[in-house]
Amino acid sequence: YVFHTESLSAQAGSTENAQSSPDISNNSHDNGDGISLIRKWSQLFSSDAIASIKAQIQSMEEQGWWSTNPDSVDGLPSFHLNLVSNGKPLFPIRDDTKDEDEEDTKSDFEREVQKLLQLVHPVIYQELLPKLQQEWLASSNKSTSLQVSDIFVRRYGRDLEDAGIQARQGISAHYDVYSKVTAVVALDDVAAEGTNGLYTTYSTREGSQQSEEDSTIISTNHAALRRFVPLQEGDSVIHTWDILHGVDVEPGLDRTSLIVWFTETSVLDKPEEAGEKNVDPSQEEPKVAPSAVSPWLLRHPNLETDDVAQFVLASALSSSNIDNDANDNEEENDDLQHDEKNYQHHLYIQSAAAGNSFALTRVGSLIEEGALSRGLLEEAKGISDELRSFEALPVPIQKWQDESSLLAMRFWLEGAVRGNPLAQKALADELMFLQSSQQDHDPEVNTLAATLFALAAQQGDEEASDSLARVIDFAVRVGEVQSQEEFLALDAVQVAKSATS
């Protein structure tokens, strides 16, 4: 069953060869929505400024003030410090001439957050924001501008030993659904060699001779396509919402970064004046009004054809919460939620039809959960046939009679062959679940599940490695293996050896 991933493997190469890719640290193009970019900005913050910021963070860390709330991407402890959220500072910077009595009433946490915001404030609002606004207005229809939405500090790598909380080594590949433009500032040299820290995925194509005319871009998060951006202390990388990115840090290293999210706003003043106004929420009320859900996605001119825009908008809508108190008519509000869910699911299906590996994986899960309406379910069936005929499915998948499970597996299969480890694990898990419910053991099902877990494990997925070991244990039990020779001859063992060789 490895033949299903041959085309991707040939294009991606090994993860060891990833660093030989073209330089993507300074790249921009028109994505139909103004500008799409990833750009490195050397020494955005001076060494003196970084030293002061790090000292302040260290002081706050000693007080145990890292937030460990679940991250929106993977649900793991986030290890972050919020300074500005939704355009408003956690604690606004006050005039130094305020009464000392008022200063004394501040909590230590409030005072320290304000100190940190004061340190980063000049560069973000007086240097970075104006330049981004200028570039954005020059590349757009000048009906929108950029505004700082969120500023926060995030750390990876070192555990909070006193609290007994284990830090994560990174964050999986994702799109920023609430930030149109993101700035990431390195607060250390962990990423200086280009082997740690922030990575993006190098876009690859499938088709004849890799030409744009005869090929399409593969939307995948396969680990072999990762490209790390070398960042020294004080360097920054700027990227737009459509750049697939993540973080990976080697064990034993501690990476800390300052992150700024910029959102699009509708200009209420004259468009030609928008670039001259530096909206500073720490000093005054913004003169532009942000929309509730990523307006740059809702108004994307290529939404009907852009699989990334479709997937990211669906994700943004899925993450947003409808205010149940906003509508006194409960029945009408239920209808609104129903319509919005159908629209989300329709966007996921549209994106999946274009071969987006994230959307394919998500649609498979929606089918498994029974979340799709009857009409959308029929649409999904038609798309699955267009992507791959029933006769072209691996034989173990063809054998399953349950239509719902079969359809979910067909979407996971498409995500899996495009390198998505979540799809690989989901399909393998479903195969083993169905296998365990059958009286007769099918060795081909076991082999396919082992292959899928092995492919995910090759990308560094520890959960997949554990699952592969359980598949081998299952094969040993049902096969009544009695000797070392019989064990080594098991297909699942052969697959595991191939994955680690």
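Reply: Axes here are lines fitted to C-alpha atoms, for helices over the stretch in contact, and angles run from 0 to 180 degrees between N-to-C directions. The helices themselves (H or I, at least four residues) and the strands (E, at least two) are DSSP runs, numbered from the N terminus. This is a predicted model, in which local features need pLDDT of at least 70 and side-chain atom pairs count only at pLDDT 80 or more, while totals for chains, interfaces and linings use all residues. Residues are numbered from 1 along each chain as its sequence is written, and side-chain values use heavy atoms, with hydrogens and water left out.

Two packed helices are described by the angle between their axes and the distance between the axes. For H14 and helix H15 (residues 462-479), the axes come within 8 Å and cross at roughly 160 degrees. H14 is therefore roughly antiparallel to H15, a term for angles over 145 degrees, as against roughly parallel under 35, roughly perpendicular from 65 to 115, and oblique for the rest. The crossing of H14 and H15 is left-handed, that is, the near helix is turned anticlockwise from the far one by less than a right angle.

In this pair Asn446, Ala450, Phe453, Ala454, Ala456 and Ala457 of H14 are in contact with Ala464, Ser465, Ser467, Leu468, Val471, Phe474 and Ala475 of H15, contact meaning heavy atoms within 4.5 Å. The residues of this contact comprise ten nonpolar, three polar and no charged ones; Ala, Val, Leu, Ile, Met, Phe, Trp, Tyr, Cys and Pro count as nonpolar, Asp, Glu, Lys and Arg as charged, and the others, Gly among them, as polar.

H14 (residues 443-458) also packs with helix H13 (residues 421-436), where the axes come within 8 Å and cross at roughly 155 degrees. H13 and H14 are therefore roughly antiparallel to each other, and H13 passes H14 in a left-handed crossing. From H13, the residues Pro421, Gln424, Lys425, Leu427, Ala428, Asp429, Leu431, Met432 and Gln435 take part, and they meet Val445, Asn446, Leu448, Ala449, Leu452, Phe453, Leu455 and Ala456 of H14. By class, the contact of H13 with H14 holds twelve nonpolar, three polar and two charged residues. Among the H14 residues, Asn446, Phe453 and Ala456 belong both to the contact with H13 and to the contact with H15.
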